[in-house]
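Subject: Structure handover

Hello,

Here is the structure for you to work with. My notes on it follow below.

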Amino acid sequence: GSPAVVTAHAPHDAPAPREAVGVVGDVAADEIVAEGLYHPFAPRFDDAGRLWVTCAGTGEIGVVDAGTGRFEAVARVDAYARALALVGRWAVVGASGARERDSFDHYPCGQRAKAQGRRPFHGLLVIDTETGQVAHHLELQGNQREVMGITVLPGVQRPVLYRPDSD
């Protein structure tokens, strides 16, 4: 299929800004449906037809009302929340860790973590979309610092991850 909704850090061709100027666009209508978001990512529709996005810079996960352009945060985490998958009432959120050259201190999510003496969370979070509470988390460690996408495998109980160079 074709994408229905897209996100961008800014409504124009420019380097990723460090302020809230991100947009959500309706591809078919060729129009911006929400703006003023802080690095929006991962637009997804839930079973009720609501449009969810992550705002990585603020660590917020929420719903966009395409009619009004309003973003309503349902949850806020101390993480650069980039990836999103929806499973019933659960939001599985992938959070990228701070890179060596970018500690995320200039983003609200990084400032909150720093104020608590921590680095932004890096891993997966399972959030209850009805309460906004983190129900589960899996912290990732090692050299890989980016979580760009998540795929849920319904019915799979013990997935296995192999390195590309393994037998």
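In helix α1, which spans residues 108–115, the buried residues are Cys 109, Gly 110, Arg 112 and Ala 113. Seen down the axis of α1, these buried residues fall within an arc of 160°, so they line one face of the helix. The arc is taken over the directions from the helix axis to the C-beta atoms. On the other side of α1, Lys 114 and Ala 115 are exposed. Buried stands for under 20% relative accessible area, exposed for over 50%, and partly exposed for what lies in between, with a 1.4 Å probe and protein chains only. Helices (H or I, at least four residues) and strands (E, at least two) are DSSP runs numbered from the N terminus.

This is a predicted model, in which local features need pLDDT of at least 70 and side-chain atom pairs count only at pLDDT 80 or more, while totals for chains, interfaces and linings use all residues. Residues are numbered from 1 along each chain as its sequence is written, and side-chain values use heavy atoms, with hydrogens and water left out.

Salt bridges

The structure holds seven salt bridges, each being a side-chain nitrogen of Lys or Arg within 4 Å of a carboxyl oxygen of Asp or Glu. Arg 112 lies in helix α1 and Asp 78 in the loop between β7 and β8 (80–87), so the pair ties together parts that are 34 residues apart in sequence. Both Arg 112 and Asp 78 are buried.

Arg 89 forms a salt bridge with Glu 130, with 3.8 Å between the closest N and O atoms. This pair also links distant parts of the chain, since Arg 89 is in the loop between β8 and β9 and Glu 130 is in the loop between β10 (123–128) and β11 (134–139), 41 residues apart. Arg 89 counts as partly exposed at 35% relative accessibility, and Glu 130 is exposed with a relative accessible area of 60%. Salt bridges with shared partners join Asp 78, Arg 112 and Arg 118 into one network.

Glu 72 and Arg 70 form another salt bridge, the closest N and O atoms being 3.8 Å apart. Glu 72 is partly exposed, at a relative accessible area of 45%, whereas Arg 70 is exposed, at 53%.

The four-stranded sheet

An open sheet of four strands runs in the order β4-β5-β6-β7, with antiparallel pairing. β4 and β7 (70–76) stand at the edges with a single partner strand each, so one side of each is left without a neighbour in the sheet. Neighbouring strands are turned by 30° against each other on average, direction ignored. Axes here are lines fitted to C-alpha atoms, for helices over the stretch in contact, and angles run from 0 to 180 degrees between N-to-C directions. Two strands pair if DSSP finds at least two bridges between them.

β4 and β5 run antiparallel and are joined by four bridges. Arg 44 has Trp 52 of β5 as its bridge partner, and Phe 45 has Leu 51 of β5. The two strands form a hairpin with five residues between them, and Gly 49 in the turn has a positive phi of about 85°. Gly 49 lies in the loop between β4 (40–45) and β5 (51–55) and is partly exposed, with a relative accessible area of 48%.

β5 also pairs with β6 (residues 60–65), in the antiparallel sense and over five bridges. Val 63 in β6 is the bridge partner of Trp 52. The hairpin of β5 and β6 has four residues between the strands, and its Gly 59 takes a positive phi near 75°.

How is β5 covered on its faces? Leu 51, Val 53 and Cys 55 on one side and Trp 52 and Thr 54 on the other are all buried. Five of the five residues of β5 are buried, so the strand is largely enclosed by the rest of the structure.

Surface patch

Val 87, Trp 90 and Val 152 make a nonpolar surface patch of about 210 Å². Patches are made of residues with over 30% relative accessible area and no salt bridge, joining like charges within 9 Å and nonpolar side chains (Val, Leu, Ile, Met, Phe, Trp, Tyr) within 5 Å. Accessible areas come from the Shrake-Rupley method with a 1.4 Å probe, and for residues only the protein chains shown count as cover. Trp 90 lies in strand β9, residues 90–96, and counts as partly exposed at 31% relative accessibility.

Regards
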